[in-house]
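User: I want to learn how to read a model like this one. Please take me through its features one at a time.

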Amino acid sequence: MNDEFKSSACPEFEPLLEDHLSGELGGAEAARLAEHLKTCAGCRTACEFVTPIARLLAVAEPTTDPGPGFAHIVMARIREEQARHGAPKTIWQPFVSLAWRFAATAALAAVVLLAYDTSSNKRAQEDIAVLLADEPHDLAQDAHTRIHNRDQVLLMMAESNNGKQ
Amino acid sequence: MPNVAKGVAASAQAIPLPLAHTGKGEEERELVRLAQNGTEAAFEELIRRHQRRVYALVRSILRRREDVEDVAQQVFLKVFVSIKRFDLRAAFSTWLYKITVNECWDYLRKKKVRPLVYEADLSEEQVSRLDGIITADRPPEGPAERAEVKELLDWMLAKLPEQDARLLVLKEMEGFSVHELAEILDLNVNTVKVRLFRARGRLMDVYRRRKSSAMASGPSPAPEKGKAENL
């Protein structure tokens, strides 16, 4: 790789020399460079040295357009990517449906248990009501000894049986 | 309706694209806005407008023809994904070319590829052909001779530091302006000008030294077309 070239031009005039070589220098800047070139041998030499290479660079043609097929290919790739990201992840699909089935079974089981619990509670309440109806008056004379549930009734019945014996 | 709008509307297959009847810059902004709202035809039109320069930019950095198309496609995929984040304050082209440059660096980093290395020297005949163009200002005749001169120029450019070669190719062959290069490569405008001027000098230096060595050693084999070195 070659980097031995050392420009003999004044660094502050190199941008103007580049504009001059590209044909983009005009007006006051062009006059300023022309004036400088009259007196600066370094800038003059550098400018003369690089000028011929512009002829070679002018021969080279720009990269040819890749053609209409290029845009079609890119759009096809974009659609492909979109389809891939938009679609469900098929690898997880069986696990997801299995999880849904488990969830549905669990919900059904919860409903059955709840219904069973409610009906057994209702039956117990009915038993209490029947027992209370048959209860002797002396067992529930005041609010402190009022019977609230089936266990208390059974306990009182056991106590009264013991008393009889 | 302007030609571009007609073309876009045609490719959109009856999807109405309300392009503004104003300047080219505003028209492009309109295309970007439509692409941001998901109009595929507008994005396809943006690709068509910029594909040649993106291609040239990728080629100037990678210098390997076989990778250019793939990387150029990848650039537009990235642009499609992130176009909603583009705020329209800067020129779309500058934003696009910056993405292109970054994509090329990423690619080179991932692949660990060095640019082309030309192994053989120029033959005496080839030097005299270049001499005819450079000193006698005799342009090549016919496509075959032009292609050969282009290959010789590629050989000479490969002898330059990468950045010098890139700047010369983009400015002189691909028609990028100094201001565009400064924005794309994150450099000061004057820095680009100075580097371009010095790159011309180095290229001339390569030519002069090859010429003197070819004249001294006589005929030598033609330059072997580049081989990329994998690290």
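Analyst: Start with helix packing. Axes are lines fitted to C-alpha atoms, for helices over the stretch in contact, and angles run from 0 to 180 degrees between N-to-C directions. Helices (H or I, at least four residues) and strands (E, at least two) are DSSP runs, numbered from the N terminus. This is a predicted model: local features need pLDDT of at least 70, side-chain atom pairs count only at pLDDT 80 or more, and totals for chains, interfaces and linings use all residues. Residues are numbered from 1 along each chain as its sequence is written, while chains are lettered from A and ligands numbered from 1 in the order in which they are written.

User: At what angle do H3(B) and H8(B) pack?

Analyst: Their angle is about 155 degrees, and the axes are 9 Å apart. Angles under 35 degrees count as roughly parallel, over 145 as roughly antiparallel, 65 to 115 as roughly perpendicular and the rest as oblique. H3(B) is therefore roughly antiparallel to H8(B). On handedness, a crossing is left-handed if the near helix is turned anticlockwise from the far one by less than a right angle, and right-handed if clockwise. H3(B) and H8(B) cross in the right-handed sense.

User: Which residues of H3(B) and H8(B) make the contact?

Analyst: Two residues are in contact if their C-beta atoms, placed from the backbone, lie within 7 Å. H3(B) supplies B:Leu57, B:Ser60 and B:Ile61, and H8(B) supplies B:Arg166, B:Val169 and B:Leu170. For classes, Ala, Val, Leu, Ile, Met, Phe, Trp, Tyr, Cys and Pro count as nonpolar, Asp, Glu, Lys and Arg as charged, and the others, Gly among them, as polar. The contact of H3(B) with H8(B) has four nonpolar residues, one polar and one charged.

User: How is H3(B) set against H4(B), parallel or oblique?

Analyst: The angle between H3(B) and H4(B) is about 135 degrees, with axes 9 Å apart. So H3(B) is oblique to H4(B). Their crossing is right-handed. Residues in the contact include B:Phe43, B:Ile47 and B:Val58 of H3(B), and B:Val71, B:Phe76 and B:Phe80 of H4(B). By class, the contact of H3(B) with H4(B) has twelve nonpolar, no polar and two charged residues.

User: How many helices and strands does each chain have?

Analyst: Chain A has seven helices and zero strands. Chain B has ten helices and two strands. From the N terminus, chain B reads α-α-α-α-α-β-α-α-α-α-α-β.

User: How do I read burial?

Analyst: Count neighbours. A residue is buried if 20 or more other C-beta atoms lie within 10 Å of its own, exposed if 12 or fewer, and partly exposed in between; C-beta atoms are placed from the backbone. In chain A, 12% of the 165 residues are buried. In chain B, 40% of the 231 residues are buried. Contact range is another view. Among contacts in chain A between residues at least 6 apart, 42% join residues at least 24 apart. For chain B, 68% of contacts with a separation of 6 or more are between residues 24 or more positions apart.

User: Which residues touch the most other members of the largest nonpolar core?

Analyst: A nonpolar core is a set of buried Ala, Val, Leu, Ile, Met, Phe, Trp, Tyr and Cys residues joined through C-beta atoms within 7 Å. The largest has 72 residues, and A:Leu17, B:Val58, B:Met156, B:Leu168 and B:Leu203 touch the most other members. H3(B) gives the largest share of this core, twelve residues. Not counting residues up to four places away in sequence, B:Leu203 touches A:Ile53, B:Met156, B:Leu160 and B:Leu168.

User: How many residues of each chain are in contact with the other?

Analyst: The contact involves 46 residues of chain B and 34 of chain A. On the side of chain B that touches chain A, H10(B) gives the largest share, 13 residues. That side has 23 nonpolar, six polar and 17 charged residues.

User: Where is B:Leu88 found?

Analyst: B:Leu88 sits in the loop between H4 and H5 of chain B. Its phi is positive, about 70 degrees, although it is not a glycine. B:Leu88 is exposed, with 12 other C-beta atoms within 10 Å. B:Asp186 also has a positive phi, near 55 degrees. B:Asp186 lies in the loop between H9 and H10 of chain B. With 8 other C-beta atoms within 10 Å, B:Asp186 is exposed.
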